[in-house]
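Welcome, and thanks for taking a look at this one with me. Below are a few short notes to read alongside the structure.

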Amino acid sequence: MSLGPVMLDVVGKELTAEDIRRLQHPLVGGVILFARNFESGEQLKALTASIHAVRQPPLLIAVDHEGGRVQRFREGFTKIPPMREFGHIWDKNPRKAKELAVEAGYILAAELRAHGVDFSFTPVLDMDYGDSLVIGDRAFHRDPQAINELAFSLMQGLKKGGMAAVGKHFPGHGFVVADSHVSIPVDEREFDQIAQNDMQPFRQMIDEGLHAIMPAHVIYPKVDEKPAGFSPRWLQKVLRERLGFNGVIFSDDLSMEGATVAGDVTARTLAALNAGCDMVLLCNRPDLADELLQNLSWSISAQTIARLARMHGAHHPADMVALRESADYVAAVKRVALVGLKETDLFA
């Protein structure tokens, strides 16, 4: 059975019979984990192994693990700083900032792979305009060139750790103030303004081999009255055709307030898939997951199956014991721990 186009979450720290029933459904292709699914490293490894054992090919396992305030697993994991800290370093010493971003990406990926997670929804490619309630210090910088150089460095580190990168939130969530988890943000700018600024890091990262992209639950009415994640104009005309992107398009969480404009959960899912998403996320609503799996009819394309296959984590990852015996890993952890501390410590 091939992977399906729906990514769900699971209720707790181990799989229940209800979880397994959902994960065995042919429409399901992945699982996203949250802090509530984590108690310890050993427990997490057991959970991911049990998810991967549900079917073949194994379901994809993902997490929002960016650093800063968006890091779902903490105990036993290195504390990754917010991406804005790398931007601050870039202002004074771009080479140092890029080296540290590579190391942060490597640590993030290696630790997640050691626990059976396939990939993280990172990096954030949004521009830091200083006003967004949801982006804030999750963004590297205001300057598109700084964002690209730092995000590319992070992606190199993720690759070294055995993980693909996911750029978000296309075509740019940084300009709007509202948080799409709780409202429907509207960005009134013209297409050219967005293309010349916010889209630049996406364009450059696509040229550099970015594996996946997540669109924003933001409406750009000068381009389309639909949010980007439900817009064929944004996803097919701009992202696929104009920018030449051929990786995975993941919808953002369809239970977020920014997604409700598209109707009930089945209508939302169909709108996202028809717009060009390869896989849709539905989180924190097992009732809606059941409704969707019962009602959705969708035939996944061979192209989507091939794209999703590239999101599996690299085989035979090092476990935490091996990582802690690795000079590379130990040195990287020491250096990344200094990010955000006083400059005198950092450049010592």
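1. Is D252 buried or exposed, and at what relative accessibility? Please keep in mind that this is a predicted model. D252 has 12% relative accessibility, and because buried means under 20%, D252 counts as buried.

2. You will find D252 in strand β11. Setting aside neighbours within four places in sequence, the contacts of D252 are H169, M214, P215, H217 and L281. The UniProt record, an unreviewed entry, lists D252 together with H181 under "active site"; such annotations may be inferred rather than shown by experiment.

3. Strand β11 (248-253) comes up again when we turn to helix α11, as β11 is among the elements that cover the buried residues of α11. The helix spans residues 302-309, and its buried residues include T304, R307 and L308. These residues lie on the same side of α11, because they cover an arc of only 95 degrees around the axis. Besides β11, the cover includes β3 (60-63), α8 (232-242) and β12 (279-282).

4. Now for a residue in a loop. T122 sits between β6 (119-120) and α5 (144-160). Which residues does T122 contact, leaving aside neighbours within four places in sequence? They are H65, E66, L108, L154, L158, A165 and V166. With 1% relative accessibility, T122 counts as buried.

How values were computed. Residues numbered from 1 in each chain as written. Predicted model: local features only at pLDDT ≥ 70, side-chain atom pairs only at ≥ 80, totals over all residues. Heavy atoms only, no water. Buried < 20%, exposed > 50% of the residue type's maximum accessible area, 1.4 Å probe, protein only. Helix = DSSP H or I, 4+ residues; strand = E, 2+ residues; numbered from the N terminus. Arc of directions from axis to C-beta. Contact = heavy atoms within 4.5 Å.
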